[in-house]
Amino acid sequence: MPNLETTRLREQAAEMLSVPASNSFAEAKSSFLDRLQQVDHQPPENWCTGLALLDDRNQLAKRPIAAPGVERARRQLLRREVDAFAADYWNYLPEERKSRWQALTDAIENEPALTTHLRHLANGLEVSADQFEGFQGKTANLAMTIKELFPMRPPQQAARRREWLMETADSPTLWMNSAIRLRENAPKVANLEPAILNVLAGRAAQKTMRPPTRYQPVRPIHPTTVQSKTSNNWGYWAIAVVVFAMLKGIFSTSSSSTKTPTPSYTPPPYSSTPFRYEPPQRVDFQEFEKQNKRPSDALQKALKEIEENRSKLLYSVYDPKTGKNVPLLKSPPADPLNPKKDPQDPRSLFKSGASP
Amino acid sequence: MNEPSLPDDLALWPEDPYELLGIERGATPKDAKRNYTRLIRVFKPEHHPEHFRRLREAYESVVRSIEFFSRFADHAEVPTEAPASDGHPEISPAAAPRIDEASLLWERACEGSEDEAYRGLQNLHLRGDRSSSISLRLYWLLTLDLGLDAEREPCDWLLEALRSYGVHGSALELYRREVEANPAEAFHARFDELLTLDAPSPVIAETYEWRWTAARKMDRFDVIRADLEVAHRKFFGGDETHWLRLLMVAADATAWTTGSDRDLWIAIGKEVEQVSHLSTRYGDWFDQFEHLNQISKEWFSAKGHWRQISLENSRYKKNVVPHELFLDLIKVAWHAPLPPYRAVLMKMLAAISINTNVWLQCLDEHRQKYPAVFGAFALILQYAAAQSETVPEAPAEQVARRTADFVAGFDQFKANLRESVVQFCQESWIDPLEMVQAVVDNRVDWRSDLSPEMLVQIDDDWPVRMLCQANRLFWQCD
């Protein structure tokens, strides 16, 4: 990418050396030498990198003292270029966007993450910015969110997606309707963010097809609270059994056809409503009834098991001899010879017993 | 000569390095070393790291000072003042004109007349000025322009500084950087000479460590083999703590050797046995050695297994690729900083992001058959993550909300729980443990086909967790 290396790379180099960007290599070198004594002839690595990047003859960049920094700086620059392209993605006209994408793709080699990001961005090359316009209400919100999410790198994308899905937890059916509307009117836009549409679909399905719970809400695992919550459960169970008996009576006299519950916009699935036993859940409930076991008990047991496992093992691996997980790591020792040793040294990690 | 004794409170320690070491001006390096050794026996680094650091600095400062003034012995008396606070000795009047000349030449270099400055400084050096700063200036001038001197390389000037001024300070640090960036330097005659220079035992041990790390990078196990004997003579029976440390470095380097170089690994094992009396004091190092031994055994076993499969049936060759990548990574990344193996790691992470299922299978097999290797991989991922870009953690309420979505919608993907967890965690940038924790903390409603037993399974599914971490690392390591 010749243009980049001659312009932005120079700017970056000048910044590293704290010299004006207009400085020539000779001027930067003078400044470098002048300041060497201040640092006891041990300049920070970025000074060497900066100077090497300004060297038009490209000789210094090959010197061991500067080479690793130069490689890293070039990589960071490419990353910034791709990020800048992604940030301006929708401001380009499709043709312009395509040619910029092609230029970046051609320039980047052996950088799998950048290549993967560019490959993802290829999916939107045919979509113009105006395809996100013309919607109203929740559909417009959804379209704009997709527009914002699509060019982002996965970490930022995931964070923004989580945030949006948090904000839109209410009214799943309305959001699903908006998603359907978007898919019908602008399928190319909708296809850019399948993850978010899947979640909306899942929420709506949960709301419309299976509103009641088969499992009790999770009970705390602390022994003090378990007592009180468990006693509350008995109340729920008593109500549930009465309701179930009533429903059983109703269904035994009516026909076997089941009616899909009418979609409703309230309440969100988060509330800890008691059981509402309706046909799709009845069979499951009977199963549990037969086993004389409450689902919350099973979950409690599982949670206790998790807590016990975690308190026992810092880091476990499967031992084929015993067929169990065994702790692999030892307790943390100190390095007597090098107390300032990098704590992220893999051997330090090995010692500290940290788990991945 | 004062018997060294210092209070425990660092604030009460004298600033003057001579006073700190309990020696008088005019003392010999031997006196300084003797007192320093006595003091560090009292203030051991493992118990008093800050005290140890102060003593070390004082000792280095005094040694520098003694050496500096010994060169001007014909012209001036032994100094009457302490070295300057920055650790550099003050310049005696006899030496002053030369230093001024050096400064003037350096100014010429800063003005762009590097060639003139280089020649001038070189002349100063030839006339007998062996000051460290002249050698360092020559080093930098030559580093920036190799054309200034056809007969020398920049590292020659570093060695000159170390030779004339003692094995410490800026010259040593610059030489370390050179060796780190260019491992071949560790096999040059210059480095051989460095190892023969008079230096404190920890410094010698450190220089061997650089060389053996370089040997590992360049597969020059012959160098370790040759050094091992010399180092044995230097350290064994004397500074055995440093000897043990060096053996650990050698073990890290040679654990993966094959063929005739395998003897070296065995030889190191025998050396470690010879210092087994240190096991009560440095038990963790011995445990570490055992652990490496176990990983190494499993690593060879796994390597042989996959090679055999690949040879027996070329159809399976494709399936073997992930295993080979996995094992190669362990070899290059074990106890190494991220930059040297970043390319191998990224190649593997890219492969994981493309085909999660194949990698799940690969990790499952390693977890079952080669648990130590599997554990080493976990540590490498964690180490690489610690050295990479940090991404803010998801807020707890968002984790709970997304986990609730996953739990509620579980019936859609129950056929492939593990793949679904990986995909979900990738899309949400949430760790599987965070998911489970959200449930454990009672932040998630439970209304799903996802059974509690499956939750336990997710919590204990290390391969899935590692894949999720690998997927995140792919972007963090960028």
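The model is a predicted one. Chain A has 16 helices and two strands, while chain B has 23 helices and zero strands.

**The two chains**

- Chain A has 356 residues, and 29% of them count as buried.
- In chain B, which has 478 residues, the buried share is 45%.
- For chain A, take the contacts between residues at least 6 apart in sequence: 59% of these join residues at least 24 apart.
- For chain B, contacts with a separation of 6 or more are 63% made up of residues 24 or more positions apart.

**Nonpolar cores**

- In soluble globular proteins, nonpolar side chains tend to be buried together.
- The largest nonpolar core in this model holds 152 residues.
- The residues with the most contacts inside this core are Leu158(B), Leu162(B), Ala250(B), Ile330(B), Phe377(B), Ile380(B) and Leu467(B).
- Helix 18 of chain B, residues 371-386, gives this core its largest share, 11 residues.
- Another core, of 20 residues, lies apart from it; Leu142(A), Leu165(A), Ala186(A) and Ala190(A) are among its members.
- Setting aside neighbours within four places in sequence, Leu158(B) is in contact with Tyr139(B), Ala171(B), Leu174(B), Tyr175(B) and Glu178(B).

**Helices 6 and 8 of chain B**

- Two packed helices are described by the angle between their axes and the distance between the axes.
- Helix 6 of chain B covers residues 132-144 and helix 8 of chain B covers residues 169-181; their axes come within 9 Å and cross at roughly 30°.
- Angles under 35 degrees count as roughly parallel, so helix 6 of chain B is roughly parallel to helix 8 of chain B.
- On the side of helix 6 of chain B, the contact is made by Ser132(B), Ser135(B), Leu136(B) and Tyr139(B).
- On the side of helix 8 of chain B, the contact is made by Gly169(B), Ser170(B), Ala171(B) and Leu174(B).
- Sorted by class, the residues of this contact between helix 6 and helix 8 of chain B are four nonpolar, four polar and no charged.
- Helix 8 of chain B has 13 residues, so at 1.5 Å a residue it should span 18 Å; its end C-alpha atoms are 19 Å apart, which agrees.
- Buried residues in helix 8 of chain B include Leu172(B), Tyr175(B), Glu178(B), Val179(B) and Glu180(B).

**Trp299(B)**

- Trp299(B) is located in helix 14 of chain B, residues 283-312.
- Trp299(B) is buried because 21 other C-beta atoms lie within 10 Å, and the cut-off for buried is 20 or more.
- Leaving out neighbours within four places in sequence, Trp299(B) is in contact with Trp256(B), Leu327(B), Ile330(B) and Val373(B).
- Trp299(B) and Phe374(B) are 75 residues apart in sequence, and their C-alpha atoms are 9.5 Å apart in space.

**Two residues with positive phi**

- His41(A) is not a glycine, yet its phi is positive, at about 65°.
- His41(A) sits in the loop between helix 3 (25-36) and helix 4 (45-54) of chain A.
- His41(A) has 20 other C-beta atoms within 10 Å, so it is buried.
- Asp219(B), also a residue other than glycine, has a positive phi near 55°.
- The loop between helix 10 (201-217) and helix 11 (221-235) of chain B contains Asp219(B).
- Asp219(B) counts as exposed because it has 12 C-beta neighbours inside 10 Å, and a residue with 12 or fewer is exposed.

Technical notes:
Residues are numbered from 1 along each chain as its sequence is written. Chains are lettered from A and ligands numbered from 1 in the order in which they are written. This is a predicted model: local features need pLDDT of at least 70, side-chain atom pairs count only at pLDDT 80 or more; totals for chains, interfaces and linings use all residues. A nonpolar core is a set of buried Ala, Val, Leu, Ile, Met, Phe, Trp, Tyr and Cys residues joined through C-beta atoms within 7 Å. Helices (H or I, at least four residues) and strands (E, at least two) are DSSP runs, numbered from the N terminus. Two residues are in contact if their C-beta atoms, placed from the backbone, lie within 7 Å. Axes are lines fitted to C-alpha atoms, for helices over the stretch in contact, and angles run from 0 to 180 degrees between N-to-C directions. Angles under 35 degrees count as roughly parallel, over 145 as roughly antiparallel, 65 to 115 as roughly perpendicular and the rest as oblique. Ala, Val, Leu, Ile, Met, Phe, Trp, Tyr, Cys and Pro count as nonpolar, Asp, Glu, Lys and Arg as charged, and the others, Gly among them, as polar. The expected span of a helix is 1.5 Å times one less than its number of residues.
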